[in-house]
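Hello,

Here is the structure I promised to pass on to you. Please open it and keep it beside you while you read the notes below.

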Amino acid sequence: MPGSGKSTYARALERRGYARLSIDEIVWTWTGRDGAELDPAEYEHLKSTAEQRLWGDLVRLMKAKVPIVIDYSFWSRGTRDQYKAAIESYGCRWVIVFLPADLETLRRRLAIRNQRNDANSVTVSDDLLERYFANFQEPVGEGERVIFQFSAHAD
């Protein structure tokens, strides 16, 4: 989910030597703008093209045996299965990292993130967040590693 901590977690792995692949960063490099500012059809086209580039980078890095983290939502089991099969076909090992967060936590984090303007801060409206939340297929029984997060805040 947007705001769950994926990019923060992925950047931590990057500091430990992993190559980090991010569709949002590819789109940002091409446009220099928040994807939410683009025409929706143009943004979807750019995301699709960026994912093709990500696949090429993923294959190149797997062949080189470089540790990789894919900074991506993987909201559907079908997409996760597609990536898992591809990774296994190169003799590599995958790990799904799931960072569960409730809707209110996501809203709070996104309210802060939406104030930034960088590759990892694609604006997500409350309506879009609710649609994402309703359609997210939680990984269950897929070999996932669940990392529970606790945030202290004053109510």
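Predicted model: local features only at pLDDT ≥ 70, side-chain atom pairs only at ≥ 80, totals over all residues.

On the α2 side the contact is made by Ile23, Asp24, Ile26, Val27, Trp30 and Thr31. On the α3 side you will find Tyr43, Leu46, Lys47, Thr49, Ala50, Glu51, Arg53 and Leu54. Sorted by class, the contact of α2 with α3 has 8 nonpolar, 2 polar and 4 charged residues.

Next, follow α3, which covers residues 40-63, to α4, residues 77-89. The axes of these two helices come within 11 Å and cross at roughly 30°. Angles under 35 degrees count as roughly parallel, so α3 is roughly parallel to α4. This crossing of α3 and α4 is right-handed. Which residues in α3 meet α4? They are Glu51, Leu54, Trp55, Leu58 and Met62, and their partners in α4 are Gln82, Tyr83, Ala86 and Ile87. The residues of this contact of α3 with α4 divide into 7 nonpolar, 1 polar and 1 charged.

The last pair is α5 and α6. Their axes come within 11 Å and cross at roughly 145°, with a right-handed crossing. Leu103, Leu106, Arg107 and Leu110 in α5 meet Asp126, Leu129, Glu130 and Phe133 in α6. In the contact of α5 with α6 there are 5 nonpolar residues, no polar ones and 3 charged.

Now for the open spaces. The largest pocket has a volume of about 1,200 Å³. It is lined by 40 residues, and the closest to its centre are Pro2, Asp24, Ser73, Val124 and Tyr132. At least two residues of this lining come from each of α1 (6-15), α2, α3, α5 (103-113) and α6 (126-135). Which helix gives the most to the lining of the largest pocket? The answer is α3, with 6 residues. By class, the lining of the largest pocket has 15 nonpolar, 14 polar and 11 charged residues.

The second largest pocket has a volume of about 940 Å³. Of its 34 lining residues, Ile68, Val69, Ile70, Val95 and Ile96 lie nearest the centre. Two or more residues of this lining come from each of α1, α3, β2 (68-70), α4 and β3 (96-98). The lining of the second largest pocket divides into 25 nonpolar, 2 polar and 7 charged residues.

About 30 Å³ of space lies in the largest cavity. Its lining is made up of Asp24, Val27, Trp28, Arg33, Asp34, Gly35, Tyr43 and Val122. Helix α2 (residues 23-31) supplies the largest share of that lining, 3 residues. By class, the lining of the largest cavity has 4 nonpolar, 1 polar and 3 charged residues.

Enjoy exploring, and do write back with questions.

Best wishes

Terms used:
Residues numbered from 1 in each chain as written. Heavy atoms only, no water. 1 Å grid on protein atoms, 1.4 Å probe; cavity = no way out; pocket = protein on both sides within 12 Å on 5 of 7 lines; lining within 4 Å. Points joined across faces, edges and corners; volume = space filled by probe spheres on them. Helix = DSSP H or I, 4+ residues; strand = E, 2+ residues; numbered from the N terminus. Nonpolar A, V, L, I, M, F, W, Y, C, P; charged D, E, K, R; others polar. Axes fitted to C-alpha atoms, helices over the stretch in contact; angles between N-to-C directions. Parallel < 35°, antiparallel > 145°, perpendicular 65-115°, else oblique. Left-handed = near helix turned anticlockwise from the far one by under 90°. Contact = heavy atoms within 4.5 Å.
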